[in-house]
Amino acid sequence: MDPYLEARWGDVHQSLIIYARDAVQPNLPDDLRARVEERVFVETEAEQIRRIVPDLHVAQYHPAGARQAGRAGAGAGGVGVAEPMMFLLEDEAVTEGYIEIRERGGGKVITVIEFLSPANKVGGEGQKLYLQKQREILHSDTNLVEIDLVRSGQRVIAFPEHRIPPEHRGDCLVCVRCAWSERARELYGLPLRQRLPAIPIPLRQSDRPVLLDLQSLLDQCYRNGRYDDIDYSEPPIPPLAPEEAAWAEALLKTAAKR
């Protein structure tokens, strides 16, 4: 996982959803189909600020002087009065994609695949809506695959944080819940220094899982997104732990990126 991609996660996330759908589609049983679905929520200005890297947002600017024409330039005793800059803050609709594997013809949902985003992990309406959807799936007979490649924010996967093995608490994670084993979880640690693995995507209990190669997906995102223009001269946001930062520094120097 390239931690610098998190600064461009809006674009990366959309690409991951499409490429993952395309990767699993030809390997599904004939009566199953993978479909991209969307959820939409309204994110307030304050919630946009809490995200590490907000999307481009345009606000209307009203010059204060135009509204205060004729106002005296000084208050009592000759003290200068500050004139504010006036902005109209607007809530912003955010659309997030995810994958449903369902029976052909729009039938029963078998598996949901989620690639988590910063909006799911930093509080606000995006996290609230995600956790609501997560609870609904966990109380159903649908499989859930949560792929968390984002280091910022809180853990929201369907796995207690205190039970994550200490050596993986700083890693990206994948959590898999199979519908026929309600309380069981499969947890995959994704250390920064290792190649991202192929994850088995559960279908029906009688079906063989379909493998989803995460490294191939991310490589496709990097190549097709032309992220070779990333500036590696500065630390990523959020910053890496000291040991990982030293490893990344050596790797980038070897690759002539620093």
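Let me start with contacts: of those in this protein with a separation of 6 or more, 65% are between residues 24 or more positions apart. Keep in mind that this is a predicted model.

The protein has 258 residues, and 41% of them are buried. Its secondary structure consists of seven helices and ten strands.

Now the interior. In soluble globular proteins, nonpolar side chains tend to be buried together. Here, the largest nonpolar core holds 41 residues, and those touching the most other members are Leu 16, Phe 115, Ile 147, Leu 212 and Leu 214. Helix H1, residues 9-24, gives this core its largest share, seven residues.

Take Leu 16 on its own. Leaving aside residues up to four places away in sequence, Leu 16 touches Trp 9, Phe 115, Leu 149, Leu 217, Leu 218 and Cys 221. Another core, of eight residues, lies apart from the largest one; Tyr 130, Ile 157, Ile 164 and Cys 175 are among its members.

What is the volume of the largest pocket? It comes to about 460 Å³. There are 19 lining residues, and Met 1, Asp 2, Pro 3, Tyr 232 and Leu 251 are the closest to the centre of the pocket. Two elements give two or more residues to that lining: helix H6, 214-225, and helix H7, 242-254. Sorted by class, the lining has 13 nonpolar residues, four charged and two polar.

That is the end of my part.

Key. Residues are numbered from 1 along each chain as its sequence is written. This is a predicted model: local features need pLDDT of at least 70, side-chain atom pairs count only at pLDDT 80 or more; totals for chains, interfaces and linings use all residues. Side-chain values use heavy atoms; hydrogens and water are left out. On a 1 Å grid over the protein atoms alone, a cavity is a set of points where a 1.4 Å probe fits but cannot get out, and a pocket is an open set with protein on both sides within 12 Å along at least five of seven lines; lining residues have an atom within 4 Å of a point. Grid points are joined across faces, edges and corners, and a volume is the space filled by probe spheres set on the points. Helices (H or I, at least four residues) and strands (E, at least two) are DSSP runs, numbered from the N terminus. Ala, Val, Leu, Ile, Met, Phe, Trp, Tyr, Cys and Pro count as nonpolar, Asp, Glu, Lys and Arg as charged, and the others, Gly among them, as polar. Buried means under 20% relative accessible area, exposed over 50%, partly exposed in between (1.4 Å probe, protein chains only). Contact means heavy atoms within 4.5 Å. A nonpolar core is a set of buried Ala, Val, Leu, Ile, Met, Phe, Trp, Tyr and Cys residues joined through side-chain atoms within 4.5 Å.
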